[in-house]
Amino acid sequence: MNSKAILFNEQEKVFRERTGKDFSSLYKKYYPKLVYFTSKMCDNDVQKAEDISTDSFWVAFEKIDKYEKDKSQFSTWLFTIAKNLALQDIKNSKKTMS
């Protein structure tokens with residue numbers, strides 16, 4: 001097994017310990033909801049909403065060690081990540097327009 005696979009497996013283990021669920025089950029549960037949520041922030045641009053939603057899961061997976069389940073539910077944390085990424089995208093879009 002290569003080093004990337006080992007790191008991924010370790011991260012998956014941490015993810016499961018922090019959330020009580022595996023990454024794929026949470027992805028299936030929340031991805032459609034995230035797309036809907038972010039599409040409303042992106043003027044119903046579904047492609048952009050899908051990109052932001054996918055990025056949100058990657059950020060959550062990579063930063064799972066920062067998630068504190070005693071402070072918030074995983075879904076709240078995930079949707080906050082998505083909101084922040086969507087707002088950053090909107091901000092970046094406005095910069096490129098001017």
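Figure 1. N44 lies in the loop that runs between helix 2 and helix 3 (helices are DSSP runs of H or I of at least four residues and strands are E runs of at least two, numbered from the N terminus). The model is predicted, with local features given at pLDDT of at least 70, side-chain atom pairs at 80 or more, and totals for chains, interfaces and linings over all residues. Residues are numbered from 1 along each chain as its sequence is written, and side-chain values use heavy atoms, without hydrogens or water. In N44, a residue other than glycine, phi has a positive value near 60°. D43 is likewise placed in the loop between helix 2 and helix 3, and its phi is positive, about 50°, although D43 is not a glycine. With a relative accessibility of 73%, D43 counts as exposed (buried is under 20% relative accessible area, exposed over 50%, and partly exposed in between, with a 1.4 Å probe and protein chains only).

**Figure 2. The packing of helix 2 against helix 3.** Helix 2, made of residues 23–41, packs on helix 3, made of residues 46–62, at an angle of about 140° and with the two axes 8 Å apart (axes are lines fitted to C-alpha atoms over the stretch in contact, and angles between N-to-C directions run from 0 to 180 degrees). Helix 2 and helix 3 are therefore oblique to each other (under 35 degrees is roughly parallel, over 145 roughly antiparallel, 65 to 115 roughly perpendicular, and the rest oblique). From helix 2, the contact is made by F23, L26, Y27, Y30, Y31, L34, V35, T38 and S39 (contact means heavy atoms within 4.5 Å). Helix 3 contributes A49, E50, I52, S53, T54, S56, F57 and F61 to this contact.

**Figure 3. The aromatic pair of F23 and F61.** This view shows one of the 15 aromatic pairs that a search of the whole structure finds (ring centres of Phe, Tyr or Trp, the last by its six-membered ring, within 6.5 Å, with planes under 30 degrees apart stacked, over 60 edge-to-face and the rest tilted). The ring centres of F23 and F61 are 5.0 Å apart and the ring planes stand at 70°, so the pair is edge-to-face. Because F23 belongs to helix 2 and F61 to helix 3, the pair ties together parts that are 38 residues apart in sequence. Both F23 and F61 are buried.

**Figure 4. The surroundings of Y30.** Y30 is found in helix 2, where it is buried, with a relative accessible area of 12%. When residues up to four places away in sequence are not counted, Y30 touches F57, F74, S75, L78 and F79. Y30 and K63 are 33 residues apart along the chain, and their C-alpha atoms are separated by 17 Å.

Figure 5. Helix 1, which comprises residues 3–19, packs with helix 3 at an angle of about 90°, the axes being 9 Å apart. The two helices, helix 1 and helix 3, are therefore roughly perpendicular to each other. On the side of helix 1, F8, Q11, E12 and F15 take part, and they meet A60, F61 and E62 in helix 3. F15, which lies in helix 1, counts as buried at 0% relative accessibility. Leaving aside neighbours within four places in sequence, F15 is in contact with G20, K21, D22, F23, L26, A60, F61, I64 and F74. The C-alpha atoms of F15 and E62, residues that are 47 places apart along the chain, are separated by 9.0 Å.

**Figure 6. L7 in the setting of the whole protein.** L7 has its place in helix 1, where it is exposed, with a relative accessible area of 60%. Between L7 and K95, which are 88 residues apart along the chain, the C-alpha atoms are separated by 36 Å. Of its 98 residues, 30% count as buried. Among the contacts between residues at least 6 apart in sequence, 58% join residues at least 24 apart.
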